[in-house]
Amino acid sequence: MPTRLVLVLRNATAKMIFAAAAALLIISTAPAQSTSSESHPSLTRPRAPDLGLKIGILPAGPLDAITDVAGVEVGHTTIIHGDDVRTGVTAIIPHLGNLYREKVPGAVFVGNAFGKMVGSTQVEELGDIETPILLTSTTSVPRVADALISYMLALPGNEDVLSINPVVGETNDGYLSDIRGRHISPEDVFGAIKNAKAGPVEEGAVGAGTGTVVFGWKGGIGTSSRQLPPKLGGYTVGVLVQTNYGGVLTIAGAPVGRELGQYYLREELEQAGQAKDRGDGSVMIVVATDAPMDARNLKRLAARAWLGVARTGSSASNGSGDYAIAFSTAPQVRIRTADKAPTRHIEVLTNDAMSPLFEAVIEATEEAVYNSMFRAQTMTGHGHTVEALPIEKTTEILRKHGVIK
């Protein structure tokens, strides 16, 4: 598989980077973007709706992406270098303002804590998120968190800030990438944040999903959204996933993994052959909504995202680092540092209003996982090749089971 050298501005000094950040990052370093077809799966592969695959009962938003939640932006830095580097950074930005000065309520739900998520304890304690949410490779988490702190400290208005709680999640891309090399630089982190935008979200083997594997096939970044009807508030729930886990792939109830002959424990059950899916791995789920929620109900929303992952056939293995991060963009629930009043008076959804939103996050998460696979191309790296999910064969199985026409 041909790859091209990624042009990364590795020679810029930290002083130059931080100076650029202080100037609102108007001038920023270029991200390490690959120009190979591997990092542009949308050019050749469909999403779930393109196949006629409808997950659940609720309608998707106009983009069927986390960016359907107004104000949310997503950016990627994709690093494909030589034969051994397949990694990157994905940034999810809740709103365009200064997140430290205008925090969003947030929560983290831990499915399995075999992971290296930075910032979760403060989010759990205080119920807010004060930086962009970044996803990356396992061993690069400290470097990405350090760069995110530098970015936040350099923002105008933060000159007196003495503490920043960076939120950084990860999955392990060591099968396709030289994970020990820790190839992500501050420039790559700044690039992902600077390039974040609203609109369609690039999916598949991009950003933090560049080197990931799911169900033994190529995984990556996937996204989806659901909207409630006006009589239920008309709220939007958007989800973005970084898929890197195993199990028995099921698509809308169809036993795709079994019929393709690739699934967890196949080798042990058949006592022959070599299984490509060992059931290990992790998943990161980021949930955004414009519904006015407090941190407690955001945690309940994040917990339901796990039902969407379960529907895809996850084995939730011992070695998985599985986290869901949820936040609300509703302006009325933001936590502003300029507000020094000892009490707050806000309107938030009641417990009884949550059930439709639970359904929305389940459906959006399930579809986001499928989109991460449908969009991803076959990739070779670090001495291994991971095939993309075969679209034609998968479509045949879905038709056979009446999932699509």
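A residue is taken as buried when its relative accessible area is under 20%. By this criterion, helix α8 of the predicted model is mostly covered, with 18 of its 21 residues buried. The helix comprises residues 355-375, and its end C-alpha atoms lie 30 Å apart. This separation agrees with the 30 Å that 21 residues should span at 1.5 Å a residue.

In the protein chain as a whole, nine helices and 15 strands are assigned. Of its 405 residues, 57% count as buried. The accessible surface comes to about 16,400 Å², and carbon and sulfur atoms contribute 54% of this area. Among contacts with a separation of 6 or more, 80% are accounted for by residues 24 or more positions apart.

An open sheet is formed by four strands in the order β1-β2-β5-β6, and its pairing is mixed. In general, the strands of a sheet pair through backbone hydrogen bonds, either parallel or antiparallel. The pairing of β2 with β5 is antiparallel and extends over three bridges. I92 has I133 of β5 as its bridge partner.

Two helices that pack on this sheet may be described together. Helix α3 touches β2, β5 and β6, and its direction makes about 155 degrees with that of β6. Helix α4, residues 186-194, touches β1, β2 and β5, and its direction makes about 145 degrees with that of β1.

Charged side chains were examined next. Side chains of opposite charge can pair when their charged atoms come close. With a side-chain nitrogen of Lys or Arg required to lie within 4 Å of a carboxyl oxygen of Asp or Glu, the count comes to 14 salt bridges. One of these joins D160 to R101, with the closest N and O atoms 2.5 Å apart. The two residues are 59 positions apart and belong to distant parts of the chain: D160 lies in the loop between α3 (141-154) and β6 (167-171), and R101 in the loop between β2 (85-93) and β3 (102-113). D160 is exposed, with a relative accessible area of 54%, whereas R101 counts as partly exposed at 26%.

A further salt bridge is formed by E102 and R334, whose closest N and O atoms are 3.1 Å apart. This pair also links distant parts of the chain, 232 residues apart, with E102 in strand β3 and R334 in the loop between β12 (321-328) and β13 (335-336). R334 has a relative accessible area of 14%; because this value falls under the 20% limit, the residue is classed as buried.

K103 forms a salt bridge with E130, the closest N and O atoms being separated by 2.9 Å. K103 lies in strand β3 and E130 in the loop between β4 (128-129) and β5 (133-137), so the pair ties together parts that are 27 residues apart in sequence. Both K103 and E130 are buried.

Definitions and conventions: Residues numbered from 1 in each chain as written. Predicted model: local features only at pLDDT ≥ 70, side-chain atom pairs only at ≥ 80, totals over all residues. Heavy atoms only, no water. Expected span 1.5 Å × (residues − 1). Buried < 20%, exposed > 50% of the residue type's maximum accessible area, 1.4 Å probe, protein only. Pairing = 2+ DSSP bridges. Contact = heavy atoms within 4.5 Å. Axes fitted to C-alpha atoms, helices over the stretch in contact; angles between N-to-C directions. Areas by Shrake-Rupley, 256 points an atom, 1.4 Å probe, with all protein chains shown as cover.
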